[in-house]
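Walk through this model from the interface to one residue inside a chain. Keep the structure in view as you read.

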Amino acid sequence: MTRRRTWLKAALLLVILAWCLFPFLWLVMTSLKLGDRALNSPDLFQGPFGLDNYRNVFEQDFQLNLRNSLAIAAMTTIICVVVGSLAAYALARLPLKRRLLLLTGVLAVSLFPPVALVPPLYEVWRSIGLLNKWEGLYLPYTAFELPLTIFILTTFYAAIPKELEEAARVDGATPFQAFYKVVFPLAAPGVFAAAIIVFVAAWNEFLLASTFAPRNPEIAQTVPVAIAAFTGQVEFQRPIGTITAACVVVVIPMVVVALAFQRRIVAGLTAGSVKG
Amino acid sequence: MTQRGSGLSERALARVFVAPSLLLMALVALFPVLYAVGLSLFEYSRRRRESFAGLSNYTEALGDDRFWSALWFTLVFTVTSVAAEFVIGLGFALLMNQAFRGRGLTRAAILIPWVIPTVIAAQMWFFMFNVTPGFINSVFGLGDFSWLGQPGWATFAIVFADVWKTAPFVALLLLAGLQTIPSELTESALVDGAGRWQRLWYVTLPLLRPAILVALLFRTVDALRVYDLVAVMTGGAFDTESLSVLVQQYVVRTPDPGYGSALSTLTFILILGIGLVFVRLLGRDLAIGRGETR
């Protein structure tokens, strides 16, 4: 390949970079504009600039939304990883009757549209008091993210050499000890990948969150619901400054996580789908 | 095996390990779906159960123009956004597969639209398309063109936002598939005198088939569920109400558990049906392939 072709391809990569990153330049610049400047001027670089919008975000209790989302996503992740890695290990390694039927069932659940749960779960949650509760959200999230967790982890467990457990068994370990002392630590990268993907999915969920906990940041309203629901001084007008500032507050840590764990995430995403 | 002291046998352990997952999915995913079928057979006024209604909620739903228009929007959205994401995603993946300089950086950047919440993407594109401040209009010199305030263009804006967020994700999945194709194959086609497009069409794409099908399955099922973008960008106005938005209306805004459940059951059957048709087409590549990975 000639030198010029190489550079041409690098230039084409710039198109991909711009596609992925440009909207964030717009977001950051807009969030920094003062007063009603953001609403009146489409020019990205026209000031005055300042941090007023960010102050506004936290005056509207956004830190409580962050707390709720963090707790709900963390609970979802913990339950999914613990429960899912047991199931994945059984599917990948242990003698199990009707394995194919189980896998088909798990696959079917991964095809469920979440909206099918909204009317019935709302009635159930209402009668047992789980509306506006963390539990009311992380329980269904767990059920929805389990299939993906199981698929990702089954792939990772299947890739660990079987001889290792057999050696442990010969040395006198029970099947359970062989799992949690030998295989589970070796699968840690896979578990970590699954954990990030589940966490992101739970953190981003909007349909159930906006139906089961639409208001009250001090109880269970999550970040996406708050970002969709910010109200301004004028009714019927979305407060562009507050919303964009809140978006930046959320996007920055997520971008850092995505960049830091890039390889893990990509490995997990592809294990959950392409490799099948 | 050699050890027969304490601890469960492998067979018993397998059952114990699978049980919690099955229990959770049965209780929080399967049970509500069945419960919805039960709810849908009753007549409600507000939230009070009035009487047994048989299938009248279903006949009412199937006779409702709003249901058909939501179904139509959902299908249009799914077909156009998945097609655009596939073409753009494949283009990105092919580029990234060939480039040497800057691949790591691009690969990192491509994760960013995937990682951010859809609600944030929706707000971002809402404001960029919106008349005030009119960013897109000012870039293209369109004056006060109202993208979000008329049928057709509102759909376009929603599809656009979805393509922006998800085409990179499709690229990621296809890139992983591309990297499993041995370069000898395309090189030998090159030696045989195949042109660029011939190599793509006769060598790369057929080998990429499993990755393409899986990406299409995931994206189609996901696009059929569209809710966040519509709820934030138009609220379902201007012929952009999706099935998910329609069902959600009958839960909080105009509560009717019976009618809402009938709609949600119809939506469930439709989306699961399309998903299963896909899985059927994939057959060997997916479910059975998974069974054999052990």
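How many salt bridges does the count between chain B and chain A give? The count is one, where a salt bridge is a side-chain nitrogen of Lys or Arg within 4 Å of a carboxyl oxygen of Asp or Glu. A:Arg169 and B:Glu10 form it through their side chains, at 3.0 Å from N to O.

This is a predicted model, in which local features need pLDDT of at least 70, side-chain atom pairs count only at pLDDT 80 or more, and totals for chains, interfaces and linings use all residues. Residues are numbered from 1 along each chain as its sequence is written, chains are lettered from A in the order in which they are written, and side-chain values use heavy atoms, with hydrogens and water left out.

Now take the interface as a whole. Chain B brings 111 residues to the contact and chain A brings 107 residues; contact means heavy atoms within 4.5 Å. The buried area is about 9,700 Å², with 78% from carbon and sulfur atoms. That area is the accessible area (1.4 Å probe) that two parts lose on being put together, summed over both.

Turn to A:Asn68. Its place is in helix 4 (residues 62–92) of chain A; helices are DSSP runs (H or I, at least four residues), numbered from the N terminus. A:Asn68 counts as buried because its relative accessibility is 0%, and buried means under 20% relative accessible area (1.4 Å probe, protein chains only). Leaving aside neighbours within four places in sequence, A:Asn68 contacts A:Trp134, A:Pro217, A:Ile219, A:Ala220 and A:Gln221.

Conventions:
Helix = DSSP H or I, 4+ residues; strand = E, 2+ residues; numbered from the N terminus. Buried < 20%, exposed > 50% of the residue type's maximum accessible area, 1.4 Å probe, protein only.
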